[in-house]
Amino acid sequence: MTALNRVPSLMARAGTASALTIAAVGGSIVAPGFAPEAEAATPATKALQVAASKKGSPYKWGATGPNRFDCSGLTLYSFKKAGKKLPRTAAQQYNKTRHISAKNRKAGDLVFFHSGSYVYHVGIYAGKGKIWHSPKSGDVVKLQKIWTRSVWYGRVK
């Protein structure tokens, strides 16, 4: 009898089997609500991972990667790698997202910095009040705390 064939008899004797028991005999676990890591990652999560992987890449106005970025170039590039299409500028990206409140923001949402109705900067929300972004000339892609309350949030559709 192979180890895998013993799993049903183990479960029958114990009523249930722990994940450790099943793993020890070479079985696999299927639990409701859980998916393998590759399947569980949403486009927003993937885009966040892409942006983080560009840490230290230099800012260049108008650049959309893969080695240099401006703010909206980084978000465009990150979501493109995650299978989602965004327009080029921060303002255009804001107009293409589903607008959400600060209390409903999630990691992977876009954070739009504005002055009145003018959107001038964008980053990807990383959680805990921080964003991945490409700030300005002479700087690099980095994780930074949100420094103002003049922000709006958008979720890529």
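A residue is called buried if its relative accessible area is under 20%, exposed if over 50%, and partly exposed in between (1.4 Å probe, protein chains only). The model is predicted: local features need pLDDT of at least 70, side-chain atom pairs count only at pLDDT 80 or more, and totals for chains, interfaces and linings use all residues. Residues are numbered from 1 along each chain as its sequence is written, and side-chain values use heavy atoms, with hydrogens and water left out.

**Exercise 1. Determine which residues of helix α5 are buried and what covers them.**

Step 1. Helices (H or I, at least four residues) and strands (E, at least two) are DSSP runs, numbered from the N terminus. Helix α5 comprises residues 71-81.

Step 2. The buried residues of α5 are Cys 71, Ser 72, Gly 73, Leu 74, Thr 75, Leu 76, Tyr 77, Ser 78 and Phe 79.

Step 3. Because nine of its eleven residues are buried, α5 is largely enclosed by the rest of the structure.

Step 4. The cover over these buried residues, judged by contact (heavy atoms within 4.5 Å), includes helices α4 (43-53) and α6 (90-96) and strands β2 (110-115), β3 (118-127), β4 (130-133) and β6 (151-156).

Step 5. Just after α5, Gly 83 takes a positive phi of about 90 degrees.

**Exercise 2. Identify the residues that touch the most other members of the largest nonpolar core.**

Step 1. A nonpolar core is a set of buried Ala, Val, Leu, Ile, Met, Phe, Trp, Tyr and Cys residues joined through side-chain atoms within 4.5 Å.

Step 2. The largest such core has 21 residues, and Phe 79, Leu 110, Phe 112, Val 122 and Ile 124 touch the most other members. At least two residues of this core come from each of α4, α5, α6, β2 and β3.

Step 3. Another core, of eight residues, lies apart from it; Ile 100, Phe 113, Ile 146 and Val 151 are among its members.

**Exercise 3. Classify the aromatic pairs Phe 69 with Tyr 77 and Phe 113 with Trp 147.**

Step 1. Rings of Phe, Tyr and Trp (its six-membered ring) pair if their centres lie within 6.5 Å; planes under 30 degrees apart count as stacked, over 60 as edge-to-face and the rest as tilted. The structure holds five such pairs.

Step 2. Phe 69 and Tyr 77 are edge-to-face, at 5.2 Å centre to centre with 65 degrees between the planes.

Step 3. Phe 113 and Trp 147 are stacked, at 4.4 Å and 15 degrees. This pair links distant parts of the chain, 34 residues apart: Phe 113 in strand β2 and Trp 147 in the loop between β5 (142-145) and β6.

Step 4. Phe 113 has 0% relative accessibility and therefore counts as buried; Trp 147, at 44%, counts as partly exposed.
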